[in-house]
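Subject: Two-chain model, handover and notes

Hello,

Here is the structure you were going to look at. My notes on it follow below.

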Amino acid sequence: MAQPQSLVNRRMVMDWLGIAPFMLFAVLFLILPTLYLVTGAFFNPAGEFTFQNFRDLFQPTIMAAYWISIKVSMASAIGGLLIGFFLAWAITQGGLPGWIRSFVLTFSGVASNFAGVPLAFAFLATLGRTGLLTFILTTYFGFNIYSHGFNLLSFLGLTLTYMYFQIPLMVLIITPALDGLKKEWREAASILGATSFQYWTMVAFPILWPSLMGTFLLLFANAFGAIATAYALTGSSLNIVPIVLYAQIRGDVLHNANLGYAIALGMVIITGVSNFLYIWLRMRAERWQK
Amino acid sequence: MNGKKILAWFAFAIGATYFIIPLIGTFIFSMRMRRGELSFDAYRSVFADIQFRETFSYSILMAVLTIVVGMLLVVPTAYWVRLRLPQMRPVVEFITLLPLVIPAIVIVFGYLRLYNSSSFLPFTGSARGTDMLLVFSFMTLSLPYMYRSVDTSMRAIDVRVLTEAAESLGAKWTTIMFQCIFPNVMSGVLSGAFITFAIVIGEFTMPSLLNRPAFGPYLQLIGANKAYEPSALAVIAFAMTWASMGLINLVSRFQKAARARA
């Protein structure tokens, strides 16, 4: 009687061994490193449990860093959302020729992956102090954007640059949702006498809002964790959170290693909350896409 | 031409302006190195730079290692979850999404503290060890994309039937894996590989904090010290991203054509 029992167990052990390498990888290179920082945030350098690191987060320089990061991520997400939605609407329902649709989608695939240092170079060459567009506007139109308060190395400049990967991401995510708006809904609405405005506010947007909110959160988290573009663009003249953390990792500029862990934990909480809300909202949105 | 169509063209025009001006601006800027005329001097200067060649080939090597090791990890896992452990599917999918939740800079910060030269796994104690750690960090970055593309193409085949057919012919598990499963999900493997390449080749944060001579940190260095070379490099990087995405489109088109014939 004992024989079949052990066979079943062996099969179960085999089953679990099959994903053991993956689990080991996840534990060693994703979960343990993060847990190490998370727990470290609750201790002082002497190894005693404390909440002091979180109180230290509220010093003006760190708060300012979180604030500017949140502002840039928020602004670039809203900008990406609006323009991306407008573009996605144009290629799905605006009656544009089919080749434009496939061109926009292909280009979005490329541009959403064109981030990091090269993106900063592109914007410096275009809108930097010696950039081509700056030069053209000054020479031919007599309008120097830099003497009118524009600066690429600022909140506005960074937001404008981030939108280069935010808009395409929005187009890629929202186009399927717009394709999912059934023709029958619009026809039903117009038979009942609804205007185009009523159709959008009372039918389309209530269906789309989980997708829209969800995508907004994804774009927000996407911008919040990004560092390479900002670092190459502004050096350390615009202190967003990832740049403060980068400086802390390289040279312990805050003179407190555990405070660095608290900053990291703060980032994980912000990107984590927005991503989980995104996943939850996407599940809600998919109800309508069946 | 009705109002809706005009509005649609207007949206397209705004989008096109915003996206094309920086590309044209960068391209023209990159050709202005010689005073008074357009030339490809900046590109010549880039390609002649020994550091460019070294960091670029280092990053290509790291990208290839990431793709090979990553696929050897991801394909069997996705296969096994479909075949034997469907109840683990949500957990595995959740793990593959984690790199989108935890910023790259946080992950590598954890590595630096956890795997320093006095730890139980002293990866950063030697250059080879740090290279390994870099490959693993690149794997975490590309995990969401690799897993998604492999799992999508695995959905189109019946892994259970394939496995049973192979087993009934006496195939060992290595034969099943490399002669049945891998060839059948090749389109997913290839698209995952190209997107990984596009992400990893210019990645800045991880190699910079791990102090490895990769292409991303080199780009940053050039940006801080040169005038025209950065825009030439941006044009090259854009062309590479475009090539990776083009190859993904090509692969999926071939796959569709193959299905239609079958």
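Predicted model: local features only at pLDDT ≥ 70, side-chain atom pairs only at ≥ 80, totals over all residues.

Two residues are in contact here if their C-beta atoms, placed from the backbone, lie within 7 Å. With that cut-off, A:A120 touches A:T161, A:T229, A:A232, A:L233 and B:G223, leaving out residues up to four places away in sequence.

Confidence

The model scores ipTM 0.89 and pTM 0.88. For chain B the mean pLDDT is 89, and 98% of its residues reach 70 or more. Within chain B, confidence is highest in helix α3 (residues 50–83), at a mean of 94, and lowest in helix α12 (residues 229–261), at 84.

Chain A

Chain A has 13 helices and zero strands. Its radius of gyration is 25 Å, well over the 19 Å that the globule rule gives for 290 residues, so chain A is more spread out than a compact globule. The C-alpha trace of chain A spans about 75 × 60 × 30 Å along its principal axes. Of the 290 residues in chain A, 43% are buried. Counting contacts in chain A between residues at least 6 apart in sequence, 77% join residues at least 24 apart.

Back to A:A120, which lies in helix α6 (residues 117–127) of chain A. Is A:A120 buried or exposed? A residue is buried if 20 or more other C-beta atoms lie within 10 Å of its own. A:A120 has 27 other C-beta atoms within 10 Å, so A:A120 is buried. A:M202 is 82 residues from A:A120 along the chain, and their C-alpha atoms are separated by 41 Å.

Chain B

Chain B is also built from helices, with 12 of them and zero strands. Its C-alpha atoms fill a box of roughly 75 × 70 × 30 Å, taken along the principal axes. Buried residues account for 46% of the 262 residues of chain B. Among contacts in chain B with a separation of 6 or more, 73% are between residues 24 or more positions apart.

Helix α1 (residues 3–30) of chain B has 28 residues. From its first C-alpha to its last, α1 of chain B reaches 40 Å, close to the 40 Å expected at 1.5 Å a residue. There is a bend of about 30° in this helix at B:I20, and a proline, B:P22, follows within four residues. B:P22 is one of the buried residues of α1 of chain B, which also include B:F12, B:F19 and B:F29.

- B:M154 lies in helix α6 (residues 127–155) of chain B. It has 20 C-beta neighbours inside 10 Å, so B:M154 counts as buried. Beyond its neighbours within four places in sequence, B:M154 is in contact with B:A78, B:Y79, B:R82, B:V159, B:V185 and B:G188. B:P217, by contrast, is 63 residues from B:M154 in sequence and 36 Å away in space, C-alpha to C-alpha.
- B:E93 sits in helix α4 (residues 89–101) of chain B. With 15 C-beta neighbours inside 10 Å, B:E93 counts as partly exposed. B:E93 and B:D151 are 58 residues apart along the chain, and their C-alpha atoms are separated by 10.0 Å.
- B:N211 is in the loop between α10 (205–209) and α11 (215–225) of chain B. Its phi is near 60°, a positive value in a residue other than glycine. B:N211 has 14 other C-beta atoms within 10 Å and is partly exposed.

Where the chains meet

How many residues of chain A are in contact with chain B? There are 58 of them, in contact with 63 residues of chain B. Helix α2 (residues 20–40) of chain A supplies the largest share of the side of chain A that touches chain B, with 11 residues. By type, the residues on that side of chain A divide into 43 nonpolar, 14 polar and one charged.

Best wishes

Definitions and conventions. Residues numbered from 1 in each chain as written. Chains lettered and ligands numbered in written order. Helix = DSSP H or I, 4+ residues; strand = E, 2+ residues; numbered from the N terminus. Rg over C-alpha atoms; globule rule 2.2 N^0.38 Å. Buried ≥ 20, exposed ≤ 12 C-beta atoms within 10 Å, placed from the backbone. Nonpolar A, V, L, I, M, F, W, Y, C, P; charged D, E, K, R; others polar. Expected span 1.5 Å × (residues − 1). Bend = angle between axes of the 7 residues up to and from the residue. pLDDT = per-residue confidence, 0-100.
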